[in-house]
Amino acid sequence: MATPTDKSSEPKLNSLRNGPDERGHFGLYGGRFVAETLMPLILDLEKAYNDAKADPAFHAELTNLNTFYSGRPSPLYYAERLTAHFREQAKAAGKSGGAKVYFKRDELNHTGSHKINNCLGQILLAKRMGKTRIIAETGAGQHGVAVATVCARFGLPCEIYMGATDVKRQSPNVARMYMLGAKVNPVTSGAGTLKDAMNEALRDWVTNVRDTYYIIGTAAGPHPYPQLVRDFQSIIGKEVREQMMAAEGRLPDTLVACIGGGSNAIGLFHPFLDDKGVKIFGVEAGGHGVDVPNGHAASMNGGAPGVLHGNRTYLLQDDDGQILEGHSISAGLDYPGVGPEHSWLKDTGRVTYVPATDKEALEAFQLCARQEGIIPALEPAHALAWVMKLAPTLPQDDLLVMNMCGRGDKDVFAVAGYLGIAI
Amino acid sequence: MTETRIDRRFAALKKEGRAGLVTFVTAGDPDQATSQAILDGLPAAGADIIELGMPFSDPMADGPAIQASSLRALHAGQRMTKTLAMVRAFREKDQDTPIVLMGYYNPIYVYGNERFLADAVAAGVDGLIVVDVPPEADDELCLPALQAGLNFIRLATPTTDDKRLPAVLNNTSGFLYYVSITGITGAAAPQVMDVSAQVERIRRSTKLPIAVGFGVRSPEQAKALAASADAVVVGSALVTEIAKSLDEQGRATSATAPSVLSLVKSLASALRAR
């Protein structure tokens with residue numbers, strides 16, 4: 001695991017990495033706010049997860065799948081041309097900066113995003129619990145595709161709930177799910193996006209609780225989901241530690257990741273929370289701008305604490321506690337909440353959360369494609385939009401890692417539409 | 001805890017030797033005036049206990065009928081302050097029929113727990129059912145509610161086994177709401193035999209009255225369930241009556257309140273029939 005020179009990868013007393021507490025709280029946030037029908041199952045899941053964590057055979061099976069099925073570790077790639085681009089920009093402004101930019105290439109995983117890390121872990125848990133049917137929600141479809149994939153791999157029937165709006169704007173992923181044998185249920189309630197898909201998945205779960213396992217796609221929901229999803233995604237940050245030690249002989253200085261529910265971000269951030277020298281940025285979907293009412297999906301920059309989908313966290317809501325739909329060009333970030341650990345990290349000040357607008361994300365999308373030959377998903381394009389602002393202001397010896405958490409194949413038609421390109 | 005309107009009502013039902021009718025409608029559905037008319041008419045129509053839904057944008061445990069009802073209320077401008085005002089107006093005319101506010105935690109949390117409990121008591125609310133606050137979070141809302149003099153009514157479900165039951169019963173007061181199916185409101189009809197067995201099982205652990213609900217639509221079903229339960233809850237069927245009575249623009253008609261109240265009457269007379 002960690003190299004001899006990197007001794008800080010295990011949590012200590014007074015660590016920022018010990019959460020949640022035994023009731024699933026990260027400070028004020030998290031918890032288990034679910035209907036009674038689900039409580040016994042949530043408690044069973046917690047027990048099954050604790051057993052699995054202590055079982056070397058579970059870890060061995062997961063590691064094997066990560067290596068040979070998913071293709072981990074994903075590379076840590078030095079984005080040389082983008083780095084040069086940012087340095088030129090700094091120079092043009094009369095400055096000498098321009099951070100050295102690395103991408104953590106989680107878009108190269110099987111299924112094309114970080115979502116598979118979590119799904120492989122959870123399908124093994126479902127098997128341990130003897131569940132025979134899998135359900136999931138999906139926004140951009142990346143999680144749905146990953147769930148459909150592991151269900152095919154393990155021979156379990158699977159139903160995916162997806163907002164009707166998202167079914168339209170992410171049709172390539174809908175086709176992939178069908179081909180993998182999943183049943184996709186379009187959800188028409190609300191605005192037909194991720195929040196509504198999650199409501200409907202919860203309704204299915206309440207109805208079929210005895211045989212069904214719900215693979216939640218992000219580090220949110222009732223305890224223990226935020227914890228177990230984070231743990232499965234933390235392989236991202238753990239690999240970055242080792243890879244950066246190997247590449248540069250030290251830890252990175254700056255981390256950047258996009259935040260919808262925040263699973264790729266917490267996976268990158270968590271192993272570094274106790275390394276005080278590492279600056280950490282989470283990038284929310286600023287949509288049309290955080291000042292536009294209901295025009296963004298930046299729950300931490302433009303929301304308030306509340307309780308939804310099993311946990312207390314920052315939410316987009318009105319002053320009567322009704323949840324707002326939010327807006328983002330990215331279906332994967334278009335969610336009115338965020339994982340509870342992020343809410344806590346925001347309040348403690350350990351992580352800085354910033355918004356990037358639709359327009360900025362589209363610019364970053366194009367820059368990345370042309371400078372690096374990598375078509376990013378619209379989700380990490382938000383992270384890159386912040387890197388575009390930040391990197392030119394940082395010194396040249398600043399090692400910046402951005403999580404390229406998904407590839408943009410699913411987005412090319414939608415982006416072509418936004419850019420007015422006739423195909 | 002001192003005796004509440006809910007306790008008194010169940011004691012009276014016991015004396016009468018019949019099961020009670022618990023009705024659910026959403027506050028503000030389809031608009032505040034019509035909803036107030038329905039609420040005010042419920043006792044005379046035969047409702048023994050009134051559950052008044054606090055509408056929420058994301059009712060995760062509810063089926064399509066109550067989801068739609070919640071959205072109709074919100075579109076008509078319903079807010080927590082208006083829901084409490086409806087209870088206040090009701091209490092001016094009726095001092096005896098218990099009102100239980102039912103809903104999800106977020107609108108309460110955002111209103112402010114302390115302020116909410118004080119305002120609910122002042123308005124004449126008797127109990128709370130908050131679907132997504134389990135016993136594990138009792139210190140949040142349940143214990144302060146009990147302290148404020150409100151009943152906190154918990155749901156027990158087919159997945160509440162004997163190991164889990166004590167946790168559910170602890171701090172529950174007024175009555176226990178047995179959810180007759182694993183599922184959302186208004187879904188499949190409950191199997192009367194299964195429900196009776198479950199209610200008998202739960203009775204061995206508590207002296208609380210037990211109300212049975214979820215999926216009860218007709219007077220015949222209500223009557224059958226009443227054999228084992230202390231009360232029967234009907235909700236989705238009532239809000240479906242509201243939906244059916246609306247005009248093409250979704251507005252209330254002169255038939256809205258009467259059609260809901262007439263269904264309540266037929267349910268109530270089924271429970272009163274010997």
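## Overall size of chain B

With 274 residues, chain B would have a radius of gyration near 19 Å if it were a compact globule, and its value of 17 Å agrees with that. This is a predicted model. The C-alpha trace of chain B spans about 50 × 45 × 35 Å along its principal axes.

Of the 274 residues in chain B, 56% are buried. Taking contacts in chain B between residues at least 6 apart in sequence, 75% join residues that are at least 24 apart. The secondary structure of chain B consists of 12 helices and nine strands.

## The sheet of chain B

In chain B, nine strands form an open sheet with parallel pairing, in the order 5-4-3-2-1-9-8-7-6. The edges are held by strand 5 (151-152) and strand 6 (155-156) of chain B; each has a single partner strand, so one side of each is left without a neighbour in the sheet.

Strand 9 of chain B (residues 231-234) pairs with strand 8 of chain B (residues 210-213) in the parallel sense, over two bridges. On strand 9 of chain B, B:Ala231 stands opposite B:Ala211, and B:Val232 is the bridge partner of B:Val212.

Strand 1 of chain B (residues 20-26) also runs parallel to strand 9 of chain B, and four bridges join the two. Here B:Gly20 stands opposite B:Ala231 of strand 9 of chain B.

Strand 9 of chain B is covered on both faces. B:Ala231 and B:Val233 are buried on one side, and B:Val232 and B:Val234 are buried on the other.

## Overall size of chain A

Chain A has 423 residues; a compact globule of that length would have a radius of gyration near 22 Å, and the 20 Å of chain A agrees. Along its principal axes, the C-alpha trace of chain A spans about 65 × 55 × 45 Å.

Buried residues account for 61% of the 423 residues in chain A. Among contacts in chain A between residues at least 6 apart in sequence, those joining residues at least 24 apart make up 75%. Chain A contains 16 helices and 14 strands.

## A helix pair in chain A

Helix 5 (residues 142-154) and helix 7 (residues 171-179) of chain A have axes that come within 9 Å and cross at roughly 10°. Angles under 35 degrees count as roughly parallel, and helix 5 of chain A is therefore roughly parallel to helix 7 of chain A.

In this contact, A:Gln142, A:Gly144, A:Val145 and A:Ala148 of helix 5 of chain A meet A:Asn173, A:Arg176 and A:Met177 of helix 7 of chain A. The residues of the contact comprise three nonpolar, three polar and one charged.

## Where the chains meet

How many residues does each chain bring to the contact between chain A and chain B? Chain A gives 26 residues and chain B gives 35 residues.

On the side of chain A that touches chain B, at least two residues each come from strand 2 (29-33), helix 1 (39-53), helix 8 (194-207) and strand 11 (304-308) of chain A. Helix 8 of chain A supplies the largest share of that side, six residues. By residue type, the side of chain A that touches chain B divides into 11 nonpolar, nine polar and six charged residues.

Key
Residues are numbered from 1 along each chain as its sequence is written. Chains are lettered from A and ligands numbered from 1 in the order in which they are written. This is a predicted model: local features need pLDDT of at least 70, side-chain atom pairs count only at pLDDT 80 or more; totals for chains, interfaces and linings use all residues. Axes are lines fitted to C-alpha atoms, for helices over the stretch in contact, and angles run from 0 to 180 degrees between N-to-C directions. Angles under 35 degrees count as roughly parallel, over 145 as roughly antiparallel, 65 to 115 as roughly perpendicular and the rest as oblique. Two residues are in contact if their C-beta atoms, placed from the backbone, lie within 7 Å. Ala, Val, Leu, Ile, Met, Phe, Trp, Tyr, Cys and Pro count as nonpolar, Asp, Glu, Lys and Arg as charged, and the others, Gly among them, as polar. The radius of gyration is taken over C-alpha atoms; the globule rule is 2.2 Å times the number of residues to the power 0.38. A residue is buried if 20 or more other C-beta atoms lie within 10 Å of its own, exposed if 12 or fewer, and partly exposed in between; C-beta atoms are placed from the backbone. Two strands pair if DSSP finds at least two bridges between them.
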